Amino acid sequence: MRENSINPIFRIDIWVLLLYFVLLFCGWVSVCGASHDIGDVDFLSWQSRTGKQLVWIACSIGLGAVIMMIEDRYYEILADLFYWVMVVILFITPFIANDVKGSRSWIPLGPVSLQPAEFAKCATALALAKLINQYGFTLNKRQNLIRAAIIVLIPLVLIIMQKETGSALVYCSFSLMFYREGMPGCILFCAVAAVVYFVVGIGYSLTPLPGTTGDVGEFAVLNIIWIFVVAMVRIYLPRQPEHVRRLTVLGIAVNVLAWSVSAIFVPFDLSWAILGLNAFIAAYLGWMWAGQRLSQWFLIFIFSIGSIGFLYLSDFTLNSLLKDYQRTRICVLLGIEEDRDAAYNVNQSKIAIGSGGLMGKGFMNGTQTKLDYVPEQDTDFIFCTVGEEEGFVGATFVLLLFLALILRLLYLAEQQVTVFGRVFGYCVLSILLFHVFINIGMVTGLAPVIGIPLPFFSYGGSSLWGFTFLLFIFLRIDAGRKRR
Amino acid sequence: MPKDYSFEKRKYIIGGVAIAIIALYIVRIFTLQLLSDDYRQRADSNAFRKEVLFPARGQISDRNGFLMVYNEPSYNITVVMQDQHGIDTLDFCRTVGITREEYIARMADIKDSKKHPNYSRNTPQLFMSQIPAEEFSKIREKLFRFNGFSAEKRTVRCYAGPWAAHVLGDVGEVGQADIDSDSYYKSGDFIGKLGIERSYEKVLRGEKGKRIMLRDVHGRTKGHYQDGKYDVAPIAGRNLTLGIDIELQKLAERLLEGKLGAIVAIEPSSGEILCMASSPTYDPRKMVGRDRGKHHFELAADPMRPLLNRAIMGCYPPGSTFKPSQGLIGLQEGAIQPNTAFPCAHGFNYKGLHLGCHGHASPMPIIPALGTSCNAFFCWNLMRMFGNRSKYSTTQEAMTRWKDHLVSMGFGYKLGIDLPGEKRGMIPNADYYDKAYKGSWNALTVISISIGQGEVTATPLQIANLCATIANRGYYYIPHVVRSIQGEHIDTTYTRRHYTMVDQKWYSYIVAGMRKAVVSGTCVGANIPGYEVCGKTGTAQNRGADHSAFMGFAPMEKPRIAVAVYVENGGFGAHFGVPLGSLIMEQYLNGKLSAASERKAEEFQNKRINYGTRAR
């Protein structure tokens, strides 16, 4: 590898850089809009949050420049070191951190405090990229899958120990990268299925099913399991259509018969009938596997059993494993519980966005944010300010900015010549997408209130720096590619 | 390192997921922001506290600038529930003068979310209202001790004295009907209920202002919305100057004490009401504050009906005060000439009908007939007119003509005074008698209308107005109590002359007749030294004792005052009507009463008429 005389800053991807600056600017304007006081605010004063944010932004740009100066191969070489240092910091954080709203994740450093969890994402992404970059590495091997999982799980567990569940959930976003790198799609499907079971099962657990004594949630989930299983048989065993026919007819028959009996003769809980149907199908699958010795039968069998198990475990999880406030948030989101605080926050946030209209109320004129109706208005709920003050036009513009950035990163990641570069690129865009997905979903009332910041917008240095690290390391790797 | 192409297609799925998520969110914010206005309204109701700024109600003064009605501060005690803790409840109750039970009930009432949907622990809630200033001064000293309690200043109507209750009226809290018919009013607002408070409500009330304050999540006020760009300052109500002369009004009310009746005085040259007294009256000062409802109920239940403004609501037979109008009609219609004389044999006798009169010289023409109030003369006058078949083809036609004359003099319909509740009195027309007598009637049947009896009724205001038309020799202005509205002219309705259908030339005979009545006729007692007083008595028969009536004006040339006095069951017109009317005219013309007149006034003030206890 020969040194190239051209400064890598000149080979930087101009689109990403431009989007970065535009997002930073929009973010700062939003923080200004969300500043508490009415009347004249000195935006540039170090005392105000807007002034501080400006310092963070300046530091980020400086940081970006420094990252661009460093030789790109160091990122690969030092990836493991970064990772383990980060793990150690994450480990000691709860012991030296101050308690902020129940979480111990902020390390005080003089006048400011930093959140190591924001930087751990970058270190984990680097470590994963280096792991997958190894010659002959493929995620189809169980051993490799486990090694990759361990790299993700160590910081995840440590962050959960800091009681920062939101930041921990971000690590789920790596699954998108894993998917690109060859993780079987069925794992993602299982994850989606689990979410569907959970939302439907818990969400409708109190809605009675007409004509029976049971509830809609359990009945619907059991039927979904049946449909999923039949569909899987159809997709993975295309040469044996007779099983699909058999199981479909059986399922319809059981449903119709059970409902008729319940509605006309003796009302009973229909779930038992559908559970019986699923148990029969599971046994059928097991029997087929025993006969044909095809692994597909076994996997579908496992899926069937697992799904049923998950359904009945999710109730237990909700009531016993999750923390009280988390359970409340989930229940509020699913509409089965009225929690004043959680519902209030989401409601006020929706009012703020909804009151913006097409053009918004104008910069600094948002009443919802200005008068403290929206909680965490300059951090997690910053998008409310955008929606309220800049309206549909501004909010859509911001969403499209994020989409443009993510798609540009996707394009660049695919352009990478090294697996390291590509994997890291996918990590960056996955994390970004997850943050946007959860944060905007939360403020618009579509996702549960999980406290994670909106990249480049939310007030605070740690988040901004964390994303600057991610983005500029990738830009540096990308710039390095072009000289070859 | 070779590129791994096997999973490259998955980039489309990942890109698709990103696009789908952003698209979903754009749809979501579209539905939130553009599909309904609900969120904006909720944001506004969150953030804006619209405070109403109440204007000061216009003040009312008499024609000489004496302030009759003004505003005084009153206080409301408010409580912020959040801050209200650890107070000595017993001490508080003693201070504001309520019982502990009332305190507990009031607190529960404030917190009741059904009655107060906007209840907030952080904002002041009304605890007690309309505490008069002197009562509040005692509370003020101790109020600081009770955390969370504070006072806000409002105003309450104040009256200079117990006078002119019927004219001034009062204000009270708006009823549901007012709120429904005028969006200006909100529950708890005040509105004029009676008198000019009601008829000039829109002038007196002013315009409410508003102030949009920003309210933060804790209910604290955070300044004006948009620096007060949308705030509106209240416009104070305009002040009214009345035509009423307060000294005259006081005298009129004194004279009517212990009697039922009314005195109305009009300035003929303008139609302004100089005084309007109705008896029994009440003290308007009792009709403000927390006890208004109680007092109003008591007055409404009184069998003597003190709430009734007899000057404009009492319909009485005008009796002989009606005769001048008959004389005018007779002269105008050619039924009589100024020198036409009719005989009077202790009354009117025709075809067996006898209508009595007192003894006087006979026959006599119109001027002495008015002076002695000869019944026969006016009966003949009507007979002549109604029987004139060369002029009117039927009695009905004559009757219609007769009625039209009286309507042009202000009878039979509401005059349109600027006070609510005016009655129209009764002037029968041909239809009325056709119905009553099934078509078979003639002048003789209805002869009593010629002397202001029978079916004819009028309000004291209409009688005074008749007097004013005679004083003006043929026209009147619609009587009105309000002289000017804070520098502005009053409505042209009240400044337009209304001419009667009688030529001006005939009035001189009537004036001469009324002058003769004072000089040597029925109302000699009305004479005021130094003035040429004209007058006409009335003794109206009714089911009980006769009503005593009088109308008069003075001076004869360039009259300054026209007055009507009506005292129920007061006997002859000369018993009450004449002396009372004379005193009123003297007071107004001289600005005071002579010593002798003052004694007379006192004597009449102390005279009582026994009305029994029957409801009237």
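Chain A has 19 helices and three strands, as seen in a model that is predicted. Of the 484 residues in chain A, 47% are buried. Among the contacts in chain A with a separation of 6 or more, 67% are accounted for by residues 24 or more positions apart.

The three strands of chain A form an open sheet in the order 1-2-3, with antiparallel pairing. Strand 1 (98–100) and strand 3 (112–114) of chain A stand at the edges with a single partner strand each, so one side of each is left without a neighbour in the sheet. On average, and with direction ignored, neighbouring strands of this sheet are turned by 50° against each other. Two bridges pair strand 1 of chain A with strand 2 (residues 103–109) of chain A in the antiparallel sense, and N98(A) stands opposite W106(A) in strand 2 of chain A.

The contact between the two chains takes 39 residues from chain A and 30 residues from chain B. On the side of chain B that touches chain A, at least two residues each are supplied by helix 1 (10–33), helix 2 (38–47), strand 8 (209–215) and strand 9 (221–224) of chain B. Helix 1 of chain B provides the largest share of this side, with 15 residues. By class, the residues of the side of chain B that touches chain A comprise 18 nonpolar, four polar and eight charged.

When its neighbours within four places in sequence are left aside, A464(B) is in contact with V264(B), A265(B), I266(B), M551(B), A562(B), V563(B) and A564(B).

Strand 18 (residues 534–540) of chain B and strand 19 (residues 547–554) of chain B run antiparallel and are joined by seven bridges, and a hairpin connects strand 18 of chain B to strand 19 of chain B through six residues. In a regular strand the side chains alternate between the two faces of the sheet. In strand 18 of chain B, C534(B), K536(B), G538(B) and A540(B) point one way, whereas G535(B), T537(B) and T539(B) point the other way, and all are buried. Because seven of the seven residues of strand 18 of chain B are buried, this strand is largely enclosed by the rest of the structure.

Two packed helices are described by the angle between their axes and the distance between the axes. In chain B, the axes of helix 13 (residues 323–333) and helix 19 (residues 504–520) come within 9 Å and cross at roughly 150°, and the crossing of helix 13 of chain B and helix 19 of chain B is right-handed. Helix 13 of chain B contributes P324(B), G327(B), L328(B), L331(B) and Q332(B) to the contact, while helix 19 of chain B contributes W506(B), Y509(B), I510(B), G513(B) and M514(B). Seven nonpolar and three polar residues make up this contact of helix 13 of chain B with helix 19 of chain B, and no charged residues take part.

Several loops of chain B carry particular backbone features. Most residues other than glycine have a negative phi, and most peptide bonds are trans. The peptide bond from S279(B) to P280(B), however, is cis, with omega near 0°, and P280(B) lies in the loop between strand 12 (272–279) and helix 11 (292–301) of chain B. The peptide bond from S362(B) to P363(B) is also cis, with omega near -10°; P363(B) lies in the loop between strand 14 (353–356) and helix 14 (366–372) of chain B. A164(B), although not a glycine, has a positive phi of about 55°, and it is located in the loop between strand 5 (149–159) and helix 6 (165–168) of chain B. For R305(B), likewise a residue other than glycine, phi has a positive value near 55°, and R305(B) lies in the loop between helix 11 and helix 12 (310–313) of chain B. A164(B) is buried, with 30 other C-beta atoms within 10 Å, whereas R305(B), with 18 C-beta neighbours inside 10 Å, counts as partly exposed.

Technical notes:
Residues are numbered from 1 along each chain as its sequence is written. Chains are lettered from A and ligands numbered from 1 in the order in which they are written. This is a predicted model: local features need pLDDT of at least 70, side-chain atom pairs count only at pLDDT 80 or more; totals for chains, interfaces and linings use all residues. Axes are lines fitted to C-alpha atoms, for helices over the stretch in contact, and angles run from 0 to 180 degrees between N-to-C directions. Helices (H or I, at least four residues) and strands (E, at least two) are DSSP runs, numbered from the N terminus. A crossing is left-handed if the near helix is turned anticlockwise from the far one by less than a right angle, and right-handed if clockwise. Two residues are in contact if their C-beta atoms, placed from the backbone, lie within 7 Å. Ala, Val, Leu, Ile, Met, Phe, Trp, Tyr, Cys and Pro count as nonpolar, Asp, Glu, Lys and Arg as charged, and the others, Gly among them, as polar. A residue is buried if 20 or more other C-beta atoms lie within 10 Å of its own, exposed if 12 or fewer, and partly exposed in between; C-beta atoms are placed from the backbone. Two strands pair if DSSP finds at least two bridges between them.
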